[in-house]
Structure formats: structure tokens, C-alpha cells
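Here is a friendly briefing on how two protein chains meet. Have the structure open beside you as you read.

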Amino acid sequence: MLTRPQFDIACRALVGKYAYTAPSPATTPLKGWSWHEHASINGLGYLSRRTIHTRFSCFGTDDEELYREEYEEQQDESTATAVPDATLVCQQYIVYSATYQVPAFYFTMHDCNGSPLALADIVNTSLFRPSAFDSAELTTFALNIPDRMFPLLSQGDHPTLGTPSWYLHPCESAGAVDELMRELGEAEWTTEEGLVRWIEMWIMVVSTVVELCE
Amino acid sequence: MSTYGTTRHHHSPAAQVFSARERVTDYHTTLFRRLIWDGTVPLEIRVDTKELPANSDRGLESYFIQAPRASYLPLLMPEIRRFFTDLVFDETSAKDLKDDDWWFDTPDGTLLKWHWPIGLIYDNYTISTSVKNPTFLPSSTVSPLRLMLHLASPPQDKLLLSPSVEACKQAFMGQLKEADFIRWGNTKRITGLRKQDQDGIWEGIKEHNFDDFWRIASKVTPTSAPNRTQSPGPPSSAASMHARPPSAEPSGSSDREGAYNVRSVPVRLYLPDGPVIQDLVPPLLEDGTPHTLSRYLSMHVPLLFPPRPPAPPPSRTNPNPQPPLVPQLAYALIQGVVTPLESEMAWLGACMAGADGWVNVCVGINNG
């Protein structure tokens, strides 16, 4: 579990740590995030970034083709607007869940005309690992795993922006992260280093479902 | 004295575990729950004349309804649809209209979130009007909230998709579980309910049946426990108490389940046209005194609720000095009631929470 101030420290430190590292499969899930505060209220900051995805074709040939994910770096916005029709834009957020006291992964997904995708289409995009939802039951508003307490994926208001989003239910991520942190053992980290490691591990846990790197 | 959950006894092993929790709810808690449950708000619904299908009867385009605060817009849809189908739309065009495409806004363009309880929608509109309209007073006017019903093309970037009853049920159950987690650090109380009870709690909302709803909800909602005989432990130790079955300590079980023993009260703070603020709200402060609404508000919005300075020291001329008055810039609206600031947060959690378990504090601005 993280407190709100710990979350803020971890997120800001993450942005700084990966601002200038070279992109690689290991660093892309951690790169490209920027920190945003609410215009008038403190304590509502969140991370966001934008990624580009494609739909899975029904008759996929090769995993390499299925996984085309590119970064829309800020400096080449001109090329990003010229992407082909099949391109999907995903706005990703790491927000703080005040209820579960852990980070939560929120996102929206639009086609190139700006129309949001239906959930049935979202689960068939390169945003998710192909087998991520094998046992899930799909409705128009959620993705449920039988016998689970919460839907794996459901819609809700973005905690800071208040806009409709999809989110992965955060309640089980903290346990997994704490287990990974125990594996890492007690290193001689400063508080901030420890918190960055925590959020890095959390992103790793999320990336078992979400494709966060190229 | 009113009781909940004692009229039916089940004999499955699961039911036996929970029978220990079927407890007598004190009279005052029941009274407030009943008052909250019976709260309604007036709505005036009209279809945008530009969107009325051809051959509609334009003389009857308004529908008035007194809607339960605890209900949701998707639950009103069948009734609204029946009115407009019977009296306004012609038969052919009514067939082509899909409820899932219907959405509401107010004349000033505020979109209505279908997954919010109707009472919260009303209160939230009240506080946003308090900023826009300086002559507005919250308690002096009970005017209908005027809603515009749109029949197609919901703004998908602003409203959640698919406003069906099923989606609404899931949103409601999600809130109920979150409230449970906030209180105890886990959701064992809700997950411990049998499937019929989990469904039954939603049926209670759908049918707006107080007894059906509270027969189950009282198993998961703390009591206000006004007759507390011993000082409850600090909130941190309360979080670990849930692991022990309540039957292990029969005499103390109702206290253990009491509103003052929760880890945190499920509270959300709504500001006019602002974001929703949520934080941990312990029922007791570090010195063991109850956490009050006044303290909560001056912590989160100190500019609107300035902390009251301490009283000056007593003197011979003024042996009982009162703390200086601070201007009342804003007020707190809970379930449509302007709530006294000395209210204790734990009590609000037990008696003034919505059916989904959340205390929604809407802050309005005093004018003049």
C-alpha cells in the first residue's frame, strides 16, 4: 500500500528517472509518463501518457505483426497525426485509488476519428496481451472473471478528471507488488528510491495484462 | 424498537455464521435510515423539442416524477418511457428508440451521470446553482430539477457507456464493496453474503423496498452505537478485528461492528463544479475524540470552512469566554439536509450514508 504523498513522490521520481534513458523493452513501460496536478485542488495528481495501438486481426499470422505499438513522442506529433486508419489512440493514466490506497491503471481508447471503442473491440487490440482475458466473461460494460470479487476491467469516472474511463481493478495489485518487493530484499535505498522501485514493480504487475512496451 | 434480519432464519452453515451478525438496530439509527430512504426529489423531464420524433404530441412533453434519492436514472427509464410512448411519441417512432441511447442534461448543459444516486445528482446540482445564482437558498426552495431527455447519440466521452439496469447494478455493487473496504480494510462482509442476499440488496433498491434492503444491508452497515459503554480502540487496531468472527465475543459484537470502530468512514466530498475528493476519514481523532464534520471540512477546504480559533482565556469580566465566530461562507449538504457541522463523521456513516454506503458531502456557497 502507498499513501497519497508516497504515490506523488514515486510518480514524480519515476518521470525524472526515465526521462533520458534509452528506449528498450525493459524501459518503455516506464517511459513517456508525465505528471499532472489538478488545476485548483492539491493531492489529485496523476501520471499520463499516450500510446498507439492496432486492432488484432481475426486471423492473426505472426505475433510480431500483431504487436505494433509505437510511442507518440512529443517532438513528432506531426507524424502521429498521419497514422493509417487502423490506428488506435490510447490515453493511459496511473492514478491513486483513495479506496484501495494503491495506484490504479485507467485508460481511454479512441479510433482515429476520436470515437471511443466498445469494450468488445478494446479487448481485441494490441493494448492487451493476447491471452490476458481467456477466462473472462464480456459484457458491454465490464470484463468479469468468474468467482472474482470485482470485475477485472470496468468503466468508471477518472478520479481527477471525472471523465469516463476504463480501469483495471486495483485491489489485487498491492499484494503482488509487496511480494515482488520482498523478493528484492532490503536494499540500501533512500525513501524515494524505494518508492520508485515500488511503482516500477507495480507497472511490471500491470504489464502482465497490459502490453506496456513495444 | 425496530429490528432487522431477525424474521427469517436459514439453517445452512453460512447462514449460521451470519446469524450472529443479525443484530438489533437501535431505534435512532433505524429512524434516520427510514428518513433517508424515504427521501425523494422532484424531477421535471422533457424531451428536447428539436429531437421529438415526427407525429409526437407536443402538448404533453413534460413528465413530473418524485424520485427516490436512493434510486438511479436507469431504474426510472421504464416509467419515463411508458409516459412518452403512451402520450407523446407515435407508435412507429417509439419502436425505433433505444433506452441505451437516452441521456439527460439540465437546461444549463450539465450532464447527468446515470451511475450516481438520484439524490446525489440533485444535491450536486443544488451546490453548483449556489455558485451561479447568488439569490439561491438551499432549504427555502424545493423546485423540480429540470431535465432534458435526449433520445440519441449520448456523449461517450463524458458519460459512462450502456446505461442499462445491469450496468447500474454492477456500479452500485462496486460502490457497496468499496465502502466495505474503506470501513474494514477488506470486503469480507459483502463477499460473505450469499448470492441471493447480494442480489437481494439490489432488488431492494430496484423495488425501493426498505425492509428488503435493510434486512440484508444491516449485516454490512455499522450501527451508530450511541450507548457505547467502553471507549473503542484506536482505528488502527480496529482494522485487524474483522478477522475474528463476531460470535467469539457475543457481548461486544455490536460494539465491534459499530460505526466508531471502523478503520475509516466512506465519505466523498463534492465541490461546486469541482473534482470529487476522497480521503481516509477515521471515526476518532488521535486524542480519542470523535471526528466531526467541522474538522473534516476545515481540513479539506479550509478557505470555505476556516478552523474556529480557540476561546480567549477566561477573565473576571468574562468568566466563560466563547470562541470568536467565524463567517459561514459555505454549507454542507448531505442527503438534501444542511448538516450541522458538529455532526460526528462516524454517526453520519451509520445514519446519513446513501444506500451504497457512501456519505456524500456536497459543499454549497452561502451568498450575501
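Searching the whole structure turns up zero disulfides over all chains, a disulfide being a pair of cysteine sulfur atoms within 2.5 Å. This is a predicted model, where local features need pLDDT of at least 70, side-chain atom pairs count only at pLDDT 80 or more, and totals for chains, interfaces and linings use all residues. Residues are numbered from 1 along each chain as its sequence is written, chains are lettered from A in the order in which they are written, and side-chain values use heavy atoms, leaving out hydrogens and water.

- Cys168(B) is buried, at 1% relative accessible area, while Cys112(A) is partly exposed, at 39%.
- Buried means under 20% relative accessible area, exposed over 50%, and partly exposed in between (1.4 Å probe, protein chains only).

**The interface in numbers**
- Chain A brings 27 residues to the contact and chain B brings 31, where contact means heavy atoms within 4.5 Å.
- About 2,100 Å² is buried between chain A and chain B, with 61% of this from carbon and sulfur atoms; buried area is the accessible area (1.4 Å probe) that two parts lose on being put together, summed over both.
- Thr99(A), Phe141(A) and Met149(A) supply 28% of the area that chain A buries against chain B, more than any other three residues.

**A charged link**
- How many salt bridges does the rule find across the interface of chain A and chain B? There is one, and a salt bridge here is a side-chain nitrogen of Lys or Arg within 4 Å of a carboxyl oxygen of Asp or Glu.
- Lys113(B) and Asp157(A) form a salt bridge through their side chains, at 3.5 Å from N to O.
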